[in-house]
Amino acid sequence: STEDLSVTQLTQHSITLNWTSVSGSSGYYMSYERLDFSVPVTPTYMRLGGSEVTPTYMRLGGSDNTSVALNKLTAGTRYMIRVWATDGSGVNQPIEKTVKTEDDIPSPPRLMITVQVLL
């Protein structure tokens with residue numbers, strides 16, 4: 001269940017996750033997939049595919065490796081994250097969670113001063 005997968009640190013460009021160790025597992029697989037896209041879609045133009053659409057898979061080490069940090073993510077964006085435990089019989093059902101990175105902090109507005117000199 002998703003209660004087993006928790007976010008331990010969240011920034012604009014990174015997500016750190018932790019999960020409960022699965023008894024009898026020999027390791028874990030993890031995938032993450034970006035869900036939000038800022039690509040304009042019109043009736044005549046649609047971007048399909050691309051590296052950001054394909055889920056990124058990672059194999060994580062031994063059974064005691066129960067956390068992972070994802071970096072270089074896009075601010076203010078939702079990601080679907082799944083973790084699978086592996087054992088002698090194969091790969092178990094994944095636990096999954098949708099996590100949104102923190103929004104970009106907008107730059108403060110610039111103050112413009114116009115000086116009019118009368119001669």
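In what order do the strands of the open sheet of three strands follow one another? In this predicted model, the order is β1-β2-β5, and the pairing is antiparallel. Strands β1 (5-10) and β5 (67-70) stand at the edges with a single partner strand each, so one side of each lacks a neighbour in the sheet. From one strand to the next, the twist averages 25°.

Strand β2, spanning residues 15-19, is joined to β5 by four bridges, and the two run antiparallel. Within this pairing, Leu17 is found opposite Val68, the latter residue belonging to β5.

The sheet can now be placed in the setting of the whole protein. The protein has eight strands and zero helices, and its elements, read from the N terminus on, follow the pattern β-β-β-β-β-β-β-β. Contacts can be sorted by the distance along the sequence. Of those between residues at least 6 apart in sequence, 71% join residues at least 24 apart. The pairing of β2 (residues 15-19) with β5 (67-70) can be viewed alongside this figure.

Burial and surface complete the description. Of the 119 residues in the protein, 25% are buried, where buried means under 20% relative accessible area.

Note on methods:
Residues numbered from 1 in each chain as written. Predicted model: local features only at pLDDT ≥ 70, side-chain atom pairs only at ≥ 80, totals over all residues. Heavy atoms only, no water. Buried < 20%, exposed > 50% of the residue type's maximum accessible area, 1.4 Å probe, protein only. Contact = heavy atoms within 4.5 Å. Pairing = 2+ DSSP bridges. Axes fitted to C-alpha atoms, helices over the stretch in contact; angles between N-to-C directions.
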